[in-house]
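Look at the sequence and the structure before reading on.

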Amino acid sequence: MLITAIGFIIILGFLVLVHEAGHFALARLFGIGVEEFGLGFPPKLVSRKKGETVYSLNAIPLGGFVKIKGEDAETANDPDSFGAKPVWQRGLVIVAGVSMNVVAGWLLLVILFMTGAPTESGAEIEQQYMHSQRLVVVEVLPGSPAESAGLAVGDAIVSADNVPFTSIDAFQKFVDERTGSPFELAYERGQARFAAVLESAILPEAGVDRGVIGVGLSEVGIVRLPVHKAIVAGAIATGNYLDRIARAFGAIFQGLLQGRGPGDGLGGPLAIAVATDDAIELGLPHAIIFTAILSFNLAIINILPFPALDGGRLIFLAAEAIRRKPSRAEVEAWFHRVGFALLILLAAVITYRDIGRFGGRIWQAVVG
């Protein structure tokens, strides 16, 4: 539980700080004053003023914030105020946070491809860069021998009756030949190794006419690439992740509009904490992948055209560019206040829903 809590704070804090650092860097580049850059959230522990900016360390270690001069329409006439700058500069300052989340996720993937990334085997991967190939469980059928034996998604199959396997076809042939005869399966979960006795059987729900144990498998290996190939592979993976996440959000919104609810694809802080625990248990490479994916999620969420988010602020900048005059400060302020209140309400509803989904795991973690 302690390791999960620390990992949760480090991952979420890092991603929020990266986002705010993007706003900070572009604001300073365009000569916009930054009143405060905070690590964590108040109450304030210590602070130090350097130039016109106060750098603070705060008690709640869940990210940070940047307070840009004139962002709330006050001191808008000062030359170093946010409101005094051209629309395009203000737009870039707002987009910088989202861009930094994308860049951070990409850099994490590049580092991972250089040091060793768990990747599914395929024809597009040169075998000279593939190491430590193994079979990983990607699905467990309910009521199957595998579920009864305690196998879970993410487990890596090591051997069966002391025979090592790295090929799905070879393992499936072995299991089929042992139909009706118990065998010992050795598998790894994170850094721990386990053994279970299973007996394969013909399962109608598996959709095949042969003996199975009820798992879906993937051939996975560790890919280590040279720098130039890692940069390209990281960019391709970033594009794929962004596309998949955007499609997932589209499906969630479509479900909401059609009255089907958000489904299991939408989660809040508790869901992130549970996913953090899963990623840490699987090892550092999986924790890095999870952090990168979460960074991409934050980028897409923040660019949505919703009040109080970066995308909502861009709406007012676009309106100002079209109308050639700024919106009323009071209207924009209330727009973002209402949006913030709705976001807090949504977070509360999602958290309540997550308690129902993950309450058992959370309780076990606390008492354990």
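Helix axes are lines fitted to C-alpha atoms over the stretch in contact, and the angle between them runs from 0 to 180 degrees between N-to-C directions. The model shown here is predicted.

**Packing of two helices**

- Helix α2 (residues 87-115) packs against helix α5 (residues 227-257) at an angle of about 130°, and their axes are 8 Å apart.
- The two helices, α2 and α5, are therefore oblique to each other.
- The crossing of α2 past α5 is right-handed.
- Residues of α2 in the contact include W106 and F113, and those of α5 include Y241 and L242.
- In this contact of α2 with α5, 14 residues are nonpolar, two are polar and none is charged.

**Salt bridges**

- The whole structure holds 11 salt bridges.
- One of them joins K67 and E35, whose closest N and O atoms are 3.6 Å apart.
- K67 belongs to strand β2 (residues 53-68) and E35 to strand β1 (residues 34-50), so this pair ties together parts that are 32 residues apart in sequence.
- K67 is partly exposed, at 44% relative accessibility, and E35 is partly exposed too, at 32%.
- K44 pairs with E36 in a salt bridge, with 3.5 Å between the closest N and O atoms.
- K44 is partly exposed at 44% relative accessibility, whereas E36 is buried at 14%.
- D161 and R178 form a salt bridge at 3.9 Å, N to O.
- D161 lies in the loop between β5 and β6, and R178 in the loop between α4 and β7, so the pair ties together parts 17 residues apart in sequence.
- Salt bridges with shared partners join K69, D78 and D80 into one network.

Notes:
Residues numbered from 1 in each chain as written. Predicted model: local features only at pLDDT ≥ 70, side-chain atom pairs only at ≥ 80, totals over all residues. Heavy atoms only, no water. Helix = DSSP H or I, 4+ residues; strand = E, 2+ residues; numbered from the N terminus. Parallel < 35°, antiparallel > 145°, perpendicular 65-115°, else oblique. Left-handed = near helix turned anticlockwise from the far one by under 90°. Contact = heavy atoms within 4.5 Å. Nonpolar A, V, L, I, M, F, W, Y, C, P; charged D, E, K, R; others polar. Salt bridge = Lys/Arg side-chain N within 4 Å of Asp/Glu carboxyl O. Buried < 20%, exposed > 50% of the residue type's maximum accessible area, 1.4 Å probe, protein only.
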